[in-house]
Amino acid sequence: MRKLFAAVGAVLLATVAAVFAFGPSAHAAAGFTVSNGRLYDANGNEFIMRGVNHAHTWYPNQTSSFADVKALGANSVRVVLSSGDRWTRNSAADVSNVIQLCKANRLICVLEVHDTTGYGEQSGAITLDRAVDYWLSIASALNGQEAYAIVNIGNEPYGNQNYSSWATDTSNAIRRLRTGGLTHTIMVDAPNWGQDWSFTMRDNAPTVFNADPAGNTVFSIHMYGVFDTAAEISDYLGRFRSRGLPIVVGEFGHNHSDGNPDEDAILSYTQANGIGWLGWSWSGNSGGVEYLDMATNFNPNQLTSWGQRLFNGTNGIRQTSRQASVYDSTPPTTPPPSTPPPSTPPPSTPPPSTPPPSTPPPGSGCTATYSIGGQWQGGFQGEVRVTAGSSAINGWTVRWTYANGQTVTQSWNATVTSSGSTVTARNVDYNGRLGAGASTTFGFLGSWNGTNSAPAVTCTAS
């Protein structure tokens with residue numbers, strides 16, 4: 001953005017083979033790939049980002065934010081990191097933990113170095129070359145995570161001055177990352193505080209894309225006051241689409257000091273054209289831009305008007321987010337965190353032992369397995385895996401009855417209703433069709449008191 005990061009910084013300071021021409025492989029890749037302007041996950045399924053930015057480097061203890069944004073339906077999170085040049089360095093161990101938090105909550109991580117913000121105009125900002133030094137220094141945390149993490153080289157790498165070398169510097173940074181062994185999808189930000197009013201990224205995008213020997217680079221535009229009309233939004237994004245170049249809106253807001261972005265047009269155009277986005281930002285803004293917080297004090301139960309718009313409004317996350325298919329076919333590599341949401345005080349004693357999953361006998365057409373990923377005093381996080389039988393199904397309905405007064409308070413990837421102690425979960429439009437033996441999952445948050453035994457579940461196919 002034009003000035004947000006500068007304001008935040010001031011307060012807080014004082015892979016694959018190229019597939020461009022041929023489309024995604026029919027076989028699973030090591031990680032994300034790009035083809036004809038689209039992003040595909042490691043299963044070869046298109047992935048459209050619907051997520052938020054999270055200021056991890058300034059709020060490293062807010063790890064529950066990953067579960068919170070997932071519970072609200074996000075499929076991705078852009079994580080603010082620091083190389084140590086302007087803020088406290090995020091170590092390889094910390095970055096590895098961030099990726100594990102993303103995987104545990106079935107989110108795709110977009111990792112970005114923030115110290116580049118406003119280079120050429122902002123005092124203390126570092127070069128893209130220096131950002132590459134950082135990425136290569138933490139390669140141990142990144143290698144093997146290509147299916148779950150995207151590397152955003154540097155946030156808003158130039159301000160409104162001295163940005164003419166953006167294309168050369170960005171191309172060189174991509175080449176260095178590839179030479180250094182990184183095979184991840186790479187994301188590159190525009191100059192002009194990310195807003196590219198000079199059209200430097202727009203006009204040089206083909207050259208930069210071709211600089212990547214893997215053909216696996218995505219462009220990121222930040223939309224604030226420069227993008228205050230629907231015509232500007234559709235023209236900018238449409239030029240990338242028409243040239244088969246991948247573009248996402250890496251940041252945007254509902255208001256800003258440099259003008260009033262048209263967030264409705266951003267959400268409408270991206271939904272109509274299959275373009276990903278990541279709103280700014282979950283919580284913790286300061287320096288006069290606190291209105292860009294989606295949640296008050298990181299509390300998911302206290303969404304601001306901006307948070308309500310982005311998560312629950314027309315073309316928002318609830319309506320349009322689709323979980324990456326790498327999480328539909330395999331369980332997370334680590335169990336969901338057992339910490340409660342921020343609105344719930346941390347337990348003073350160890351949480352009760354987690355009940356084992358309950359698996360019903362095979363039904364006619366599908367089966368369902370209920371499990372508790374983590375629980376704390378008064379609350380828990382659950383998941384249900386639905387598996388088709390020997391024949392494909394077009395939809396499913398899962399039911400269970402709680403015996404101990406538990407209730408479901410939030411859910412994602414299913415439409416969940418309750419009648420007394422009986423809970424009914426039905427597929428949403430994107431996960432009802434399952435091939436023979438295929439699985440999908442949905443999750444939820446619940447409350448309990450006294451006993452939290454796992455109920456028996458039934459699955460009915462349609």
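Visitor: In this predicted model, is N192 buried or exposed?
Guide: The relative accessible area of N192 is 1%. Buried means under 20%. By that cut-off N192 is buried.

Visitor: Where does N192 lie, and what is the value of phi there?
Guide: N192 lies in the loop that runs between β7 (186-189) and α7 (200-210). Its phi is positive, although the residue is not glycine. The value for N192 is near 60 degrees.

Visitor: What is phi of D196, and which loop holds this residue?
Guide: D196 is also not a glycine, and its phi is positive, near 55 degrees. As for place, D196 is found in the loop between β7 and α7.

Visitor: Is D196 buried or exposed?
Guide: A residue is called buried under 20% relative accessible area. D196 has a value of 0%. D196 is therefore buried.

Visitor: How does W197 count by relative accessibility?
Guide: W197 is found in the loop between β7 and α7. Its relative accessibility is 38%. Because buried means under 20% and exposed means over 50%, W197 counts as partly exposed.

Visitor: How many Å separate W197 and N160 in space?
Guide: Along the sequence, W197 and N160 are 37 residues apart. Taken from C-alpha to C-alpha, the distance between W197 and N160 is 9.0 Å.

Visitor: Is the peptide bond from W280 to S281 cis or trans, and what is omega?
Guide: S281 lies in the loop between β10 (276-279) and α10 (305-312). The bond that joins W280 to S281 is cis. Its omega is near -20 degrees.

Methods
Residues numbered from 1 in each chain as written. Predicted model: local features only at pLDDT ≥ 70, side-chain atom pairs only at ≥ 80, totals over all residues. Heavy atoms only, no water. Helix = DSSP H or I, 4+ residues; strand = E, 2+ residues; numbered from the N terminus. Buried < 20%, exposed > 50% of the residue type's maximum accessible area, 1.4 Å probe, protein only.
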